[in-house]
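Hello,

Here is the structure for you to look over. My notes follow below it.

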Amino acid sequence: MKKAKQIGFSIVIILFIVGIFCVYWLLNNWPMRYKSELNQFFGKGNWKVISEDVKRSRVDTVRYNLLGDSSGQKRRVDLYRDWNILFENENGEEEVWKISNHVYMINNEKYGLFNPKRYKARQALTLELMEISFVVIEEEVHNEIVKEGLTEEEAHCIYVDMSYHGGNPPRSFYDKLAKESWFTIEGVTAENYLASDLYDFYLFIGIHGYRLEQLSEQEQENVVSSLENIEKRLLEKYGDNASFEILYNEYDVEYVDGVKQ
């Protein structure tokens, strides 16, 4: 009888340990944990994880208590995960996108449990997906607006950044963004963000100086003179939602909701 109780107790302990391990694995496996969120963003059955990488991040960190008060600095090594996701776009072409829990871990290390700036895992995932959508939008604007009238080499000198004013959005922003019907890799556009009341988004257009220097004098003139046409095309396309800045040397223009500043 005593032996049977010992065996039963051992089984309970083993199951408890296995349970803890399973919960830990699930909490740290974002593609499994947030499958529905990824289905919504990439499309159900239209994506799969092709690799997972565990990486080390050596950083100087400040220890924080539950209220977010600092208690000294020290060097530590954090492990974080990257997931490479294979996605098939509407043209049947395969693309690989990466999501990571690195920002989430840094944020949680910096802010205490009850600090309003501390991300939940789902919010950090939405931030990762937002960054992917920014890349999609930047390519969209570059192809549809920037490249017009330029050669590939000339257009390659101009870059587009989707950005926002006012520092990082509050946590609640990511909860609201995830609920937007247009927040999918195929549905998102620059206008979605520019017209949104969720936060103050804008486009930034600039020129890579080192790339420009590699062009002929005539090509350089074509690139710089194209900025005025880009300004006009942005206003035509986005109208009252046109919020952007174009900056290169003396050429510096800024619009907020279609109004020049």
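**Strands and helix packing**

Strand S7 and strand S8 (residues 259–260) run antiparallel and are joined by 2 bridges. Two strands count as paired if DSSP finds at least two bridges between them. Helices (H or I, at least four residues) and strands (E, at least two) are DSSP runs, numbered from the N terminus.

A word on the source: this is a predicted model, where local features need pLDDT of at least 70, side-chain atom pairs count only at pLDDT 80 or more, and totals for chains, interfaces and linings use all residues. Residues are numbered from 1 along each chain as its sequence is written, and side-chain values use heavy atoms, with hydrogens and water left out.

Back to S7 and S8. Val256 sits opposite Val259 in S8. The two strands form a hairpin with 2 residues between them. Asp257, in that turn, has a positive phi of about 50°.

S7 (residues 251–256) also pairs with strand S6 (residues 244–248). That pairing is antiparallel, over 5 bridges. Glu245 has Glu254 in S7 as its bridge partner. The hairpin of S6 and S7 has 2 residues between the strands, and Asn249 takes a positive phi near 50° there.

Now the helices. Two packed helices are described by the angle between their axes and the distance between the axes. Axes are lines fitted to C-alpha atoms, for helices over the stretch in contact, and angles run from 0 to 180 degrees between N-to-C directions.

Helix H5 (residues 121–146) packs on helix H10 (residues 217–238) at about 110°, with axes 10 Å apart. H5 and H10 are therefore roughly perpendicular (65 to 115 degrees; under 35 is roughly parallel, over 145 roughly antiparallel, the rest oblique). Glu140, Val141, Glu144, Ile145 and Val146 in H5 meet Ile230, Arg233, Leu234, Lys237 and Tyr238 in H10 (contact means heavy atoms within 4.5 Å). By class, this contact of H5 with H10 has 6 nonpolar, no polar and 4 charged residues. Ala, Val, Leu, Ile, Met, Phe, Trp, Tyr, Cys and Pro count as nonpolar, Asp, Glu, Lys and Arg as charged, and the others, Gly among them, as polar.

Helix H3 (residues 35–42) also packs with H5, at an angle of about 20° and with axes 11 Å apart. That makes H3 roughly parallel to H5. Glu37, Leu38, Phe41 and Phe42 in H3 meet Arg122, Leu125, Leu129, Ile132 and Ser133 in H5. The contact of H3 with H5 has 6 nonpolar, 1 polar and 2 charged residues by class.

Best wishes
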